[in-house]
Amino acid sequence: MEFTVKQIATLLGGEVAGNDALAITGLAKIEEGKPGDISFLSNLKYEPFLYTTQASAVIVDQSFEPKKPVLAALIFVENSYSAFTRLLEEYYKQLSLSRIGVEQPSYVGEGSQFGDQIYRGAFSYVGKNCQIGQNVKIYPHAYIGNNVRIGNNTIIHPGARVLDNCIIGQHCVVHPNAVVGSEGFGFAPQPDGTYKTIPQLGNVILEDFVNVGSGTTIDCATMGSTIIRKGAKLDNLIQIGHNVDIGRNTVIAAQTGVAGSTKLGENCVIAGQVGFAGHLTIANGTKVGAQSGVGKNVDEEGISLNGSHAFLMRDNMRSQAIFRKLPALEQRITKLEKKHEK
């Protein structure tokens, strides 16, 4: 793929200083740029590289003023980081959505229908009565179960599994080896100490613009739907339990686990290795630090949580009771110290 500096500037709504006819064929870090590459400068810590880079063009903020001569063409935009992100998105679309056609061997079940500009890779499987939208890309070894619906411009990467009756919206990405719609963890304890499997009859719904990372698993609902709402982003190796509801534009980092029937609000930011107990409600805008354990509802919007420790339950309960009193104890001690000083 090849574009001129002028074409890229038009896309980004920027202005060019330098040769706008230069051909751009790749993207690179500013310190690693070579002829034909485009880079960006956002953090001024990297400004020295601007004067030595071999990249053909660099995206910079409108307010930036070079202190030395620059060989590269400069594209001035309102926010260089956001502009480069948009360029990455366009580049990714060109790479991932350009494939069209059907590779063999591949399988399609009876009654399944496809929109235009479809790509199905070799050894992919599409079950019965599926509805697959326009410009959908199903990569090699991906599995699509029966009665699945997939919206326009969605990408199912190699080895991903979308099981029966699941619904995936438009502009979604399911990364390699993710599983959407696996059986929820439902077992009823029996008098003899064994467990009886509870059938999981629901599905998973991914709304539009949802990303599911590699190795992430999203369990189907026991009844009804597990729902990942519009714009939510799930990192790699996340476990989403049955009947969970993830709010719009919530982002979750790797190795987090969300137990069944918990509802996360909109615009939450969840760091890595966080654990959520089941049947919780988490307010909009909640931020949770890495390795935290959330065992209670969060009712207040926009707060930040952090911390988790596991030891004997009785000791933990006593420690938590003392911990909650620490601010008051500190005030008492401070008053006693001041009184003693007098």
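Rings of Phe, Tyr and Trp (its six-membered ring) are taken as a pair if their centres lie within 6.5 Å, and planes over 60 degrees apart count as edge-to-face. In this predicted model, a search of the whole structure finds 7 aromatic pairs.

One of these joins Tyr119 and Tyr139, whose ring centres are 5.3 Å apart and whose planes stand at 70 degrees, so the pair is edge-to-face. Because Tyr119 belongs to strand 11 (residues 119-120) while Tyr139 lies in the loop between strand 14 (137-138) and strand 15 (143-144), the pair ties together parts that are 20 residues apart in sequence. Tyr119 counts as buried, with 3% relative accessibility, and Tyr139 counts as buried with 8%.

Phe185 and Phe187 form another pair, with ring centres 5.0 Å apart and planes at 70 degrees, so this pair is edge-to-face as well. Here Phe185 is exposed, its relative accessible area being 68%, whereas Phe187 counts as partly exposed at 35% relative accessibility.

| Residue | Relative accessibility | Class |
|---|---|---|
| Tyr119 | 3% | buried |
| Tyr139 | 8% | buried |
| Phe185 | 68% | exposed |
| Phe187 | 35% | partly exposed |

Two further arrangements involve aromatic rings. Phe40, Tyr81 and Phe84 form one aromatic cluster. Elsewhere in the sequence, a charge meets a ring: the charged end of Arg120 sits over the ring of Phe114, at 5.1 Å from the ring centre, and strand 11 (residues 119-120) is the element in which Tyr119 lies.

Technical notes. Residues are numbered from 1 along each chain as its sequence is written. This is a predicted model: local features need pLDDT of at least 70, side-chain atom pairs count only at pLDDT 80 or more; totals for chains, interfaces and linings use all residues. Side-chain values use heavy atoms; hydrogens and water are left out. Rings of Phe, Tyr and Trp (its six-membered ring) pair if their centres lie within 6.5 Å; planes under 30 degrees apart count as stacked, over 60 as edge-to-face and the rest as tilted. Helices (H or I, at least four residues) and strands (E, at least two) are DSSP runs, numbered from the N terminus. Buried means under 20% relative accessible area, exposed over 50%, partly exposed in between (1.4 Å probe, protein chains only). A charge sits over a ring if NZ of Lys or CZ of Arg is within 6 Å of the ring centre and within 35 degrees of the ring normal.
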